[in-house]
Each structure stands twice: as structure tokens, then as C-alpha cells.
Amino acid sequence: MHPSRPAKSVAELLALARAQPGRLDYASAGNGAANHLAMELFKALAGVNLNHVPYKGAPQVVTDVLAGQVPMMFNSIAPVAQFIKAGRVRVPGISSAARSPQLPEVPTIAEAGVPGFEATTWLALFAPAKTSRQIIGRLNEVLAGVVRSPEIRSPLEAQGHDPAGGSPEALGKFLRAEHAKYAKVVKQSGARID
Amino acid sequence: MDDHRAGNVQHPDRVALCRSTIGRSGLLSALLTALLAALPECTLALLLPSIATAQAWPDRPIRVIVSVPAGGTPDVIARLVTAPMAAQLGQPSIIDNRGGAGGLIGVEVAAKAIPDGYTLFLSSPGPMAILPHLQKLPTYDPIVDFAPIGLISAARFC
């Protein structure tokens with residue numbers, strides 16, 4: 001959140017949004033981007049109406065939020081960590097279920113007044129359906145070893161990502177849950193592609 | 001008389017061989033015996049391509065489709081993770097950046113790719129969990145058209 005706006009906490013942000021329904025803007029990397037739907041989930045669970053300003057891709061949107069042209073957005077921590085430190089953007093809350101190791105003093109949005117809110121971005125590897133099980137198994141084994149290795153773990157963390165891993169079945173289950181969660185958010189929010 | 005039949009009749013050696021092993025009345029059973037003898041080989045021959053593919057894989061570079069342009073976090077992580085994976089598998093990986101339409105272009109290409117282990121898809125939530133719900137007529141099904149391999153990493157928003 002840009003510091004020119006008076007909201008320092010999630011509660012103050014909600015009060016600000018309720019005072020001007022549909023007039024407080026938020027930016028995203030584009031229609032259907034993870035940070036677009038994360039804010040739509042926030043709107044649905046918090047019961048507030050914010051106005052979406054979609055951008056085309058990540059770099060420009062961060063520049064504009066830093067300049068105060070759009071007052072707020074969800075963004076992964078690593079690319080904006082230096083601006084948080086310098087006080088150029090404010091962080092009322094964290095989107096995950098647990099607090100961030102990088103910003104341990106900032107509460108999660110769920111604990112700050114929007115229970116049940118959780119939205120993360122992730123990266124996962126898939127193959128076209130019907131790829132042989134042996135090949136899938138071998139790729140999973142190699143991927144798990146790579147994300148656990150220290151040489152990969154620290155540059156991943158520098159990108160703001162926590163290494164994951166797990167079985168193909170675990171990813172399948174996680175994907176079905178994410179798919180169902182966003183189906184609901186899209187339906188509730190009426191989000192669509194232009 | 002066609003050439004095939006002529007061949008059988010006109011080569012005395014072959015006729016003699018047939019007669020000596022099966023006799024005149026055993027032609028049908030000889031055919032069956034020959035077929036049965038050949039069957040395991042046929043079955044093996046049918047199985048061989050898939051066994052050979054799995055054992056030889058990968059014998060050429062593996063393409064990893066990433067549905068964002070080069071330079072962003074997903075692209076950086078794709079390169080970071082797939083290069084050592086490919087090295088362990090003994091082949092290079094090629095990152096194929098197919099950005100555009102919020103990731104739709106990349107995911108559609110990946111969904112239609114040949115499932116031979118030489119095309120993979122590295123995705124964020126957009127193409128696999130969000131975009132299909134935003135399409136009026138979905139052009140792919142992330143659950144049906146893809147086989148999960150593994151979760152790479154996750155990040156929180158602030």
C-alpha cells in the first residue's frame with residue numbers, strides 16, 4: 001500500500017474501503033493473474049468493494065504503485081522488499097496462513113480480521129496427460145532432489161519462493177483444491193477476461 | 001495363377017521341407033503351429049517401442065513451456081530449476097517462453113503437446129487454476145489435459 005493513503009493496518013484498510021465503496025483502486029499484473037484473484041478473494045471474504053486496475057505484466061504495475069498512481073496491490077515480497085524497507089510501500093498484512101520469515105512483525109490478513117483468507121502464488125511442473133508414469137516418476141524424483149539442494153534453495157528464497165517438492169499425487173490434490181477455490185472466487189466476483 | 005502361389009508350388013525344396021515335417025494333411029495345423037511360435041515374438045515386438053522409449057528417455061533436449069515472457073520471477077525460477085534437472089537426466093532443457101493472453105497461449109500449446117516426456121509445462125496458478133474459469137468456452141482442462149509432476153515452490157503476497 002502506498003504510504004500516501006492513511007491505512008496502516010488491515011482494519012484501517014477495510015474502514016477506508018467501506019467509506020468509499022468501489023472507489024478505492026487496486027492494481028494487478030492482469031486479468032486472471034494470481035494477484036488479481038487474491039484481491040478478489042480478499043474482497044469476497046472481507047465484504048468490501050474495491051476497483052480493479054489490471055496491468056499487462058508485473059514490472060510496470062510495481063512502478064506505478066510505488067509512484068502512488070494506484071494505491072495498492074498484492075505482490076510477492078522479494079521484488080518489493082527493498083521498497084518496504086525504505087518505507088516507500090506499507091504492508092498491512094500477509095496473504096499466507098503463516099507469517100512471513102522476511103516480515104515477521106506483519107500479521108497475516110487472516111489474523112488481522114479476515115478469517116479464512118489465504119492466497120499464495122506457486123510454480124509447479126506438469127506434463128501433457130498420458131505421458132508415461134515412468135517418465136513422470138523420474139521427473140518427480142529429479143525435481144524433488146533439485147528443490148531440496150542448498151544451491152537451488154537459496155536463490156529460490158531470494159525470489160521470495162519457499163521450496164516445495166512432494167509427490168505427483170500431492171500436486172494433483174493441491175491443484176484440484178486451488179482450481180475449486182478460484183472457481184468460487186471467479187463466480188462470486190464476476191471477474192472475466194477482456 | 002498368381003506369383004505367390006506359384007512360388008510355393010514351383011520351389012521343390014520348400015515343398016519337400018513341408019512334406020517332410022508335416023505331411024500333406026497337416027497344412028492347417030502347420031500354419032497354426034507357425035503362428036503360435038511367432039506369437040511371443042510379435043507380442044514382444046509390439047511391446048518393444050514403449051520399453052525402448054522409457055529406457056532411452058531422454059535422448060534429446062526437453063522443452064519446458066513457460067507461459068510468461070523471459071525475465072520475470074517464474075522465468076527465473078524455471079531456468080534455475082530445470083537446468084540442473086536436465087543435467088541429471090543427461091540432456092539439456094530448453095525454456096520456451098510463450099507469454100501472452102495471461103498465460104493462455106502457453107497452456108494451450110502445452111495441453112496439445114505430444115505426451116512423450118519431451119515437452120513439459122511450468123505453471124503458476126493463472127493458467128492451471130484461474131484462467132479456465134474466466135473463459136466463456138474453455139479451450140483446455142487443466143485437470144484432464146495434464147499430468148502433475150511436482151510442486152516447485154510457493155510464495156506469499158504482501
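Leaving aside neighbours within four places in sequence, B:Ile152 contacts A:Leu123, A:Ala124, A:Leu125, A:Leu143, A:Val147, A:Ala164, B:Ile77 and B:Val81 (contact: C-beta atoms, placed from the backbone, within 7 Å). The model is predicted: local features need pLDDT of at least 70, side-chain atom pairs count only at pLDDT 80 or more, and totals for chains, interfaces and linings use all residues. Residues are numbered from 1 along each chain as its sequence is written, and chains are lettered from A in the order in which they are written.

B:Ile152 is also among the residues with the most contacts inside the largest nonpolar core, along with A:Ala38, A:Leu125, A:Phe126 and B:Val81. This core has 83 residues. A nonpolar core is a set of buried Ala, Val, Leu, Ile, Met, Phe, Trp, Tyr and Cys residues joined through C-beta atoms within 7 Å; buried means 20 or more other C-beta atoms within 10 Å of a residue's own.

The contact between the chains takes 68 residues from chain A and 51 from chain B. On the chain B side, β4(B) gives the most, with 11 residues. Strands are DSSP runs of E, at least two residues long, and helices runs of H or I, at least four. Strand β3 of chain A (residues 120–128) runs antiparallel to β3(B), joined by 3 bridges. There, A:Phe126 has B:Phe121 as its bridge partner.

Helix α2(A) has buried residues including A:Ala38, A:Leu41 and A:Phe42. Its buried residues pack against β1, β2, β3 and α7 of chain A, together with α6 of chain B. A:Gly47 follows α2(A), with a positive phi near 70°.

Technical notes. Buried ≥ 20, exposed ≤ 12 C-beta atoms within 10 Å, placed from the backbone. Contact = placed C-beta atoms within 7 Å. Pairing = 2+ DSSP bridges.
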